[in-house]
Amino acid sequence: MTADVFASAAHAFARLVRALPADLFDGPGLGEWDLRALVGHTSRSLVTVSTYLHSPAAEATLAGPVEYYVAIRDFMSEAGAEAIVERGRQAGRDLGDDPVAAVEQLVEQALSDIDGVGDPPITVIGGYGIRLSDYLQTRIFELAVHSLDIARATGVAAHLPADVLAAATTLAAGIGVALGDGETVLLALTGRAGLPESFSVV
């Protein structure tokens, strides 16, 4: 079930944060983010689940997680890179003096919030409606990708579970197909060609 994989991804992220040496949080993270901001940005995949559950949608206007990323790609390009960077920095500050405890609390809260709620349509960024189960798939993807970002920045292994990696990789391939890059992705995954420089499905 999607909720189980989300829980797996959330717990893996919490374990990774727990393993990070405290003196690394002010060091490099990703791009303009230091590690604290990167961890904070990643934690938003937990925060938004809890937040959006309080914003029901009349209907699911997005058919699934692939459609979410296609829609959000345009929305985020209009939002501006600086706003995205600052949101990550603020999320890092929100973790306070004990990021480990803060992340663990966010994991506990998100998992408690989705327990027994079914699969309601919720309103997410951009005002789109999407089923909770489909939104959770996007959060699994974000937790997986950014956990790997954290691992690359720190040298601390992410140890992502197989179900999380499978879900995230499958979604990435689906996004690539939807964006018209399916052949490029398939050739790369089968060792027949490399990916173009700076290629990304998000």
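User: What makes the pair formed by the side chains of arginine 139 and tyrosine 68 a polar contact?

Analyst: In this predicted model, where local features need pLDDT of at least 70, side-chain atom pairs count only at pLDDT 80 or more, and totals for chains, interfaces and linings use all residues, the two side chains are joined at 3.3 Å. A polar contact is a pair of N or O atoms within 3.5 Å, where within protein one must be able to donate a hydrogen and the other to accept it, and residues adjacent in sequence count only if both atoms are side-chain atoms, so the pair at 3.3 Å qualifies. Residues are numbered from 1 along each chain as its sequence is written, and side-chain values use heavy atoms, with hydrogens and water left out.

User: Why is arginine 139 said to have no salt bridge?

Analyst: A salt bridge requires a side-chain nitrogen of Lys or Arg within 4 Å of a carboxyl oxygen of Asp or Glu, and because the nearest side chain of opposite charge, glutamate 142, is 4.4 Å away, arginine 139 has none.

User: Why is histidine 159 called exposed?

Analyst: Exposed means over 50% relative accessible area, and histidine 159, at 67% relative accessibility, therefore counts as exposed.

User: What is the phi of histidine 159, and what is that of serine 198?

Analyst: Histidine 159 has a positive phi of about 50 degrees although it is not a glycine, and serine 198, likewise not a glycine, has a positive phi of about 65 degrees. Most residues other than glycine have a negative phi.

Note on methods
Buried < 20%, exposed > 50% of the residue type's maximum accessible area, 1.4 Å probe, protein only. Lys, Arg positive; Asp, Glu negative; His and termini not counted.
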